[in-house]
Amino acid sequence: MNAPLLAASGISKTFAGKGRRVAALDKASISVARGQTLGLVGPSGSGKSTLARILMRLVEPDAGRIDFDGTDLLALSGEALRTTRKRIQMVFQDPLAAFNPRATVAGALADPLRVHGLLGRRQRPAAIAALLERVGLDPGLASRAIHEISGGQRQRVAIARALATRPDLIVLDEAVSALDVSVRGRILELLVELQRKEGIAYVFVSHDLAVVRAIAHSIAIMDAGTIVERGPTPDVVANPQSATGRALVAAVPRLVVGKSD
Ligand SMILES: Nc1ncnc2c1ncn2[C@@H]1O[C@H](COP(=O)(O)OP(=O)(O)OP(=O)(O)O)[C@@H](O)[C@H]1O
Ligand SMILES: [Mg+2]
């Protein structure tokens, strides 16, 4: 029961291109508890997105191991990989890039249902309406084109699409970074509510500690491809142990509750 849902250890990845080699990850290890949120924070270029993509098997690591709910994720292929992949979904920063903008909302949501053979054609409209309701959208939005709806609505559709395969884990890479503050707050509330109701775990990737600490149970701080610090969110925020952690905490705007003088 207390075994983590996902444990990645010793993950290394070097990108080689045109005479230049970039060590994006150097023996990075993280673990994600069931139904909880791991915040992955760090400066630009520290390797957060590379690690996120490796968890999704969108990028293959050079070394390391990933245990996902008792299976060796990196050893899977074919049908076994497809089955396990349904259980890990991803939401990106820019939903316009993730969707065909001319597709309708219904079309974008039908894709994962179809790809994973989840429902027959006749049941799909009801499943799509239910998905939209789960993310707080009017089912009437189903017939609208992706490019016609607002950025916040698009990100809700992206979350709905991730939910379609009933995942245990959603990896969110800067998923609220492009949204304005009030929309961002509503999306964070939605994520928290979905987690509470459905027990979904998140890896929440962001360069912004202020956002991460609002949603994450624990935090891993990355710098230059390594995890330099990790722990429960209150501990890391109150007493960061690494130079990178201290710099991130110092950059969080303080909440001004009242003037001291
Ligand atoms: N496909 C790729 N080919 C070559 N280099 C890459 C590739 N993907 C990432 N990198 C390099 O790996 C390093 C880590 O990049 P990554 O995108 O994982 O960082 P990040 O922490 O997500 O940064 P950001 O906060 O800017 O999104 C960077 O130096 C980046 O340039
Ligand atoms: Mg990134």
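A polar contact is a pair of N or O atoms within 3.5 Å; within protein, one must be able to donate a hydrogen and the other to accept it, and residues adjacent in sequence count only if both atoms are side-chain atoms. This is a predicted model: local features need pLDDT of at least 70, side-chain atom pairs count only at pLDDT 80 or more, and totals for chains, interfaces and linings use all residues. Side-chain values use heavy atoms, with hydrogens and water left out.

View 1. The side chain of Ser44 places an N or O atom 2.5 Å from an oxygen atom of ligand 1. For the side chain of Ser49, the distance to a ligand 1 oxygen atom is 2.8 Å. Gly47 uses a backbone N or O atom, 3.0 Å from an oxygen atom of ligand 1. The protein buries 60% of the 630 Å² that ligand 1 exposes when taken alone (Shrake-Rupley method, 1.4 Å probe).

**View 2. The shell around ligand 1.** Residues count as near when a heavy atom lies within 4 Å. Among them are Phe15, Val22, Ala24, Pro43 and Lys48. The shell has four nonpolar, six polar and one charged residues (Ala, Val, Leu, Ile, Met, Phe, Trp, Tyr, Cys and Pro are nonpolar; Asp, Glu, Lys and Arg are charged; the others, Gly among them, are polar).

**View 3. Elements at the ligand.** β2 (20-32) and α1 (48-55) each supply at least two shell residues. α1 gives the most, with three. Helices (H or I, at least four residues) and strands (E, at least two) are DSSP runs, numbered from the N terminus. The protein has 10 helices and 10 strands.

Methods: Residues numbered from 1 in each chain as written. Chains lettered and ligands numbered in written order.
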